Amino acid sequence: MESGAKEEEKVMGYNSKNVKKAALHSTLTALLDDPILADVPKKPSLSDVDTLINLELGSAMCISILKLDGTSFDVAVMNSATVKDLKLAIKKKVVELEQSKMGHRHISWRHVWANFCLAHHNEKLLDDGAALQDFGVRNNSQVHFLPYVVSKGSGRHSKRRKHRFFHGLNKHS
């Protein structure tokens, strides 16, 4: 008889735990649907929330990113952010936007950063370790993509080398 009572307590505890979790999830969903919180991602991380709080307090900045197709989106970074921090925020935002539109898509960020760079007032942001404020980037600034090719060595394209495996066999001795 006692084992039946314990089983019933476990079932009730399990159900109440699930009810609490469902209530929390529905409350969180309702909060995120509020227009005031429209800039909060659907699945926010602690750093996302921290950056948005700092944006409201004035210790973070909102930067508008202009893509090559003319569309733009906003990212929030701390006032002390570097170019690398901005690139990471752009990557996170683009992945979030792409997943909301089309589902999972893979973007080769190595390819993106090898062929394009960020610029602010036509000054290229090439040093990942440099602070954004050193380039004059402030709150509500606009940063845009520019086509960019990294020059190697002499500045011209390297010639393709022919791989001749049997080249030594054709020599007449």
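How many nonpolar, polar and charged residues are in the lining of the largest pocket? Let's go and look. You have a predicted model open, where local features need pLDDT of at least 70, side-chain atom pairs count only at pLDDT 80 or more, and totals for chains, interfaces and linings use all residues. Numbering runs from 1 along each chain as its sequence is written, and side-chain values use heavy atoms, with hydrogens and water left out.

**Stop one**

Select Asp 48, Thr 51, Val 75, Ala 76 and Ala 89: of the 20 residues lining the largest pocket, these lie nearest its centre. (A pocket is an open set of points on a 1 Å grid over the protein atoms alone where a 1.4 Å probe fits, with protein on both sides within 12 Å along at least five of seven lines; lining residues have an atom within 4 Å of a point.) The volume here is about 530 Å³, meaning the space filled by probe spheres set on the points, which are joined across faces, edges and corners.

Now colour α2 (46–57), β2 (72–78) and α3 (83–102), the elements that give two or more residues to this lining. Helices (H or I, at least four residues) and strands (E, at least two) are DSSP runs, numbered from the N terminus. α3 gives the most, six residues. As for the opening question, the lining has 11 nonpolar, two polar and seven charged residues; Asp, Glu, Lys and Arg count as charged, Ala, Val, Leu, Ile, Met, Phe, Trp, Tyr, Cys and Pro as nonpolar, and the others, Gly among them, as polar.

**Stop two**

Next, pick Lys 67, Val 94, Ile 107, Trp 109 and Phe 145, which lie nearest the centre of the second largest pocket among its 16 lining residues. Its volume is about 390 Å³. Keep α3 coloured: it gives the most to this lining too, with five residues.
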